[in-house]
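Please look at the structure before reading on.

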Amino acid sequence: MTKDAEKKDNKAQQYGVTPQSVDFNDWYNEVVKKADLADNSPVAGAMVVRPYGSALWENIQRWLDDRFKASDHESLIFPTLIPMGFIMKEADHVEGFAPELFTVNKIGTEELAEPYVMRPTSETIIGHMWAGWLNSYRDLPFLHYQWGSVFRAELRTKAFLRTSEFYWHEGHTAHAAEDEALAEVRMILDLYHEFCRDVLALPVVRGEKTATERFAGAVSTFSIEGMMRDGKALQSGTSHYLGQNFSRAFDVKFQTREQKEDYAHTTSWAISSRIIGAIIMTHGDDFGLIMPPRIAPVQVVIIPVGRKDNFSEMVAEGEKLAAELRAGGVRVRVDKRDGVTNGFKYNDWELKGVPVRIELGPRDLESGVVVVKNRNSDEKETLPRAEAVSGLAARLDAIHDWLYARAANFMLEHTTEVDDYETFKQKLEEGHWVRAYHCGDAACEKQIKEDTKATTRNVPLDDAEFFNERGEGQCARCGQPGAYGKRVIFGRQY
Ligand SMILES: [Zn+2]
């Protein structure tokens, strides 16, 4: 069957998206558009985040922001433009970012003697300002972060995953001692992990990046990596130890307790709007999105299913139920659209991934019941109206647990321990992650990337939930002794 014929043939097509198994890429793009998360914009490479996507991003921001503040971090706001010369000061940094920079050469008709760049990240300008703010060890630590957007030119774009302008927080901290900076890097990595596991229902692997995959200018980079439903990896958050590289470049020094001069040890960290791509591609199915309940913009949708003569009455009943749920802290919407079939509404909210749907019909209401359906199940349940309210928190938790378990099982089933290069290549081709020993040599890593399009994702930490066993073995490609005391995760990535 041709791809088009297969699409037509598939029953899921009546709900409006290409099934994942037919074309994962089409599925993704259609879900993003039809669920009203984002749209293409007239600016090449940039997206417009629509209200449903924006509400999701706001929920993400709110949770993280509360936790940053609770751990004594302070937000600040830096300019979007950075003097070009700043980017040039840290050698690895400029090499890493130069090809992606947007440059501002002109203001009005006036050519600028020193151009600006649109910030690709803000280590440089923050370092510059810190140099002026920092005198003594008593001023430290600086625990700063800002929310905003950054600019990195992309040729091939994909909503949320790869856009020339994207949204994030960037954390920047400065410390008097290396161990304090490393503790910060680790604390943030663990916070990101907790956020993914407990709020987004995303299983992720905490680990350290190999030298090849480090952030430009970092001493060490840690990441959380998740597996999407096509077997590709998505780096979902990063936390970097920058050593004294940036503080030397920007003269961020201070007087120590012993009256000596030293450079600050700095960190930076981020989760970006890419995480929305991870939510879509980890939890979605052939009917569209499945929103993890704890972050979902709409947790419950109420559909009044009256006929013409009693529709407005059912809407009023829906509003009453919604008010009760709202009082319990539930994010709820009543679908009041008139002249739209119930079937259309069901499909629409399924596509948007709303975790729980409650149908309110006149006959049910007379007998004091409502019909409840979870997004992750085909079953409808008839429940006493009161139970639909009191049981809702547990229902949302159960959907969260179901999503996490499904994603974790998928990741485990699509990850293979491999010791020889033929199987290594074959498993990657089948859409698996491969766990193999690696010699740690950059040239060997590069050759693997050329042969397979896969890169090292990370070396899992000893206390990572998944894949953390220590062991010794030979590099799966070149046979040299393994360098990390454990297997490294390789995968193709977004
Ligand atoms: Zn090797």
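Strand E9 and strand E22 (residues 455-460) run antiparallel and are joined by 2 bridges. Strands here pair if DSSP finds at least two bridges between them; strands (E, at least two residues) and helices (H or I, at least four) are DSSP runs numbered from the N terminus. The model is predicted, so local features need pLDDT of at least 70 and side-chain atom pairs count only at pLDDT 80 or more, while totals for chains, interfaces and linings use all residues. Residue numbers start from 1 along each chain as its sequence is written.

- Across from Glu 208, strand E22 places Val 459.
- E9 (residues 205-208) also pairs with E10 (residues 220-227), in the antiparallel sense and over 4 bridges.
- In E10, Phe 222 is the bridge partner of Glu 208.
- E22 is joined in turn to strand E23 (residues 488-491) by 3 bridges, and these two run antiparallel.
- Within that pair, Asn 458 has Ile 489 of E23 as its bridge partner.
- These strands belong to an open sheet of 11 strands with mixed pairing, in the order E3-E7-E8-E14-E11-E10-E9-E22-E23-E21-E20.
- Strand E3 (74-75) and strand E20 (415-417) each have a single partner strand, so at these edges one side of each is left without a neighbour in the sheet.
- Helix H7 (residues 178-198) packs on the sheet and touches strand E8 (165-175), E9, E10, strand E11 (233-243) and strand E14 (265-272).
- The direction of H7 makes about 165° with that of E11; axes are lines fitted to C-alpha atoms, for helices over the stretch in contact, and angles run from 0 to 180 degrees between N-to-C directions.

**The 5-strand sheet**

- A second open sheet has 5 strands in the order E16-E15-E17-E18-E19, again with mixed pairing.
- Its edge strands, E16 (332-334) and E19 (380-384), each pair on one side only.
- Neighbouring strands of this sheet are turned by 25° against each other on average, direction ignored.
- E15 and E16 pair in the parallel sense over 3 bridges.
- Ile 302 has Val 334 of E16 as its bridge partner.

**Helix H11**

- Asp 348, Trp 349, Glu 350 and Leu 351 are the buried residues of helix H11 (residues 342-351).
- A residue is buried if 20 or more other C-beta atoms, placed from the backbone, lie within 10 Å of its own, exposed if 12 or fewer do, and partly exposed in between.
- The cover over these buried residues includes helix H2 (24-34), strand E15 (300-304) and strand E17 (356-360).

**Domains and whole chain**

- The domain assignment gives domain 1 (35-283), domain 2 (300-396) and domain 3 (416-491); such bounds come from an automatic or database assignment.
- The C-alpha centres of domain 1 and domain 2 are 41 Å apart.
- The secondary structure of the protein chain comes to 16 helices and 23 strands.
- The radius of gyration is 25 Å, close to the 23 Å that the globule rule gives for 494 residues, so the chain is as compact as a globular protein of that length.
- That radius is taken over C-alpha atoms, and the globule rule is 2.2 Å times the number of residues to the power 0.38.
- Along the principal axes, the C-alpha atoms fill a box of roughly 80 × 55 × 50 Å.
- Of the 494 residues, 42% count as buried.
- Among contacts (C-beta atoms, placed from the backbone, within 7 Å) with a separation of 6 or more, 67% involve residues 24 or more positions apart.

Key. Contact = placed C-beta atoms within 7 Å.
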